[in-house]
Amino acid sequence: MKKFILFNSPIFWDTTQEKEQYLSPLGLGYIATYLENVGVDVEVVDCVKERKSVSDIMCIINKAQPDYIGINIFTQNYDIVKFVIENLETTCECFIGGQAVKSLYTNILEWNTQNRLNIIIGEGEFIIPALVLGTCNQHPEVNKNQKYVFRVNKESQYFPKDISNIFLNRKYLGNEIIINHYGQKEVAIITSRGCAYDCAFCGGARSLNKDVITRIRTEESVILEIKEILAAYPDIQSVRILDDLFLRNSRSIDMANNIFLRFPQLSWRGMVHAFSLVGNIEKVNELRKGKCKELFMGIESGSEKMRKKINKLGSPDEVITVSRAILKNGIDLKGYFIYGFPGETKEDFKKTYELASKIKEISHTTPGSFRTSVFQFRPYHGTQLYNEILQTTGIIHGCEINKSISQFEGRLQFNFDFGNYSMESDELLNEYIIKTQKLAEEK
């Protein structure tokens with residue numbers, strides 16, 4: 001039987017004891033499920049959860065001598081994954097994937113490796129088993145020095161068009177239960193793929209992925225998965241929905257309630273966009289009926305100028321309106337903020353901090369509480385802002401840890417620094433990041 005090891009790649013070279021926030025590698029779990037279905041002996045090594053170093057990965061491969069390995073890649077761990085692939089001592093066929101591959105594949109084609117390397121752009125659960133079996137009918141769009149590029153878009157026969165019928169065998173996620181912000185045992189799910197939004201800092205932006213359609217799972221398929229989760233983990237207390245489109249409109253709010261009213265023992269947490277809820281404010285109170293515990297909102301900036309620059313729908317006033325409705329109805333809110341966008345000024349920083357502070361102030365008089373999660377802007381490969389920076393300056397700075405903002409436990413993975421592209425000093429940028437993050441600690 002053929003042996004395949006899938007790695008959820010680390011973002012640090014060495015083992016870290018940081019108490020990092022963690023999300024299960026559901027994408028690798030789907031791939032593993034469909035490899036097992038065709039008779040492949042498959043294993044998922046979660047280097048993040050298991051705190052594996054680069055040397056650990058090399059030892060695992062050398063000891064297991066697999067026929068195939070697969071690994072995901074991100075902008076911030078490009079050098080790590082490149083090192084792993086280029087320094088393999090084992091002869092095995094390699095697969096590399098992840099959202100960033102769409103923009104990185106031309107770089108990957110230049111890597112120095114003797115093993116065959118399949119570069120998968122898009123979703124891999126159908127095409128990877130076909131490649132392993134030797135039954136793949138799709139020709140690579142690039143073939144260069146034992147490296148093959150396969151693009152899985154809506155024209156590909158291996159594109160998962162109906163994700164309601166995609167099964168996930170959760171055994172491949174290992175000990176996937178996390179203890180969430182409330183001390184509850186929690187498991188994560190995905191209810192959609194693709195994105196309807198066009199944020200200039202995101203690789204999943206609609207305009208960058210016109211060859212992929214947005215797909216939403218049916219209510220019945222989500223209910224079935226939650227039943228399977230409860231069967232596997234009877235003591236689970238919470239479900240986290242990771243995708244952006246679960247609460248996309250009025251109808252989806254009804255769907256959320258229909259799903260979770262069936263499971264009174266569970267609370268749930270999920271993403272929401274201010275623009276999606278602003279026209280459905282009267283329905284926010286219904287979310288509480290289905291035991292919605294907390295919503296996550298990508299607020300990013302309080303500056304109207306910067307929001308337009310990054311294609312962020314919804315005005316600061318609409319963010320306030322939606323945030324107040326969420327908090328007033330006893331649902332907690334976590335707001336994500338970004339400082340350091342290209343051209344951003346002190347005045348823009350100030351407006352973002354004022355917006356975050358105003359929401360925090362509202363939460364002092366509501367049943368719901370508010371916390372912040374703050375980042376320095378990072379230009380990800382292939383995004384609109386990345387391309388604009390390259391065009392303007394010709395350079396993207398290398399990846400480092402910004403130690404100045406690394407004073408909060410469990411946030412080291414979020415403090416990667418690719419340079420300061422704002423109009424202000426590093427000191428001022430760090431000052432606003434730190435004081436906005438400190439809002440999370442205020443009672």
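**Exercise 1. Describe the unit made by S15, helix H12 and S16.**

Solution. Strand S15, helix H12 (residues 346-363) and strand S16 make a right-handed β-α-β unit. Helices (H or I, at least four residues) and strands (E, at least two) are DSSP runs, numbered from the N terminus. A crossover is right-handed if, with the strands pointing away from the viewer, the path from the first strand over the helix to the second runs clockwise. The model is predicted: local features need pLDDT of at least 70, side-chain atom pairs count only at pLDDT 80 or more, and totals for chains, interfaces and linings use all residues. Residues are numbered from 1 along each chain as its sequence is written, and side-chain values use heavy atoms, without hydrogens and water.

Next, look at the pairing. S15 (residues 332-339) and S16 run parallel and are joined by 7 bridges; two strands pair if DSSP finds at least two bridges between them. Opposite Gln376 in S16 stands Tyr339.

**Exercise 2. State how many residues of strand S16 are buried, and which way they point.**

Solution. Step one is the count: in S16 (residues 370-376), 7 of 7 residues are buried. Buried means under 20% relative accessible area, exposed over 50%, and partly exposed in between (1.4 Å probe, protein chains only). Step two is the direction: Phe370, Thr372, Val374 and Gln376 point one way, while Arg371, Ser373 and Phe375 point the other way. Residues on both sides are buried.

**Exercise 3. Locate Arg51 and Glu300, and give the phi of each.**

Solution. Start with the general rule: most residues other than glycine have a negative phi. Arg51 has a positive phi of about 55 degrees. Arg51 is in the loop between strand S2 (41-46) and helix H2 (54-64). With 29% relative accessibility, Arg51 is partly exposed.

Now take Glu300. The phi of Glu300 is also positive, near 65 degrees. Glu300 is in strand S14 (residues 292-300), and Glu300 is buried, with a relative accessible area of 6%.
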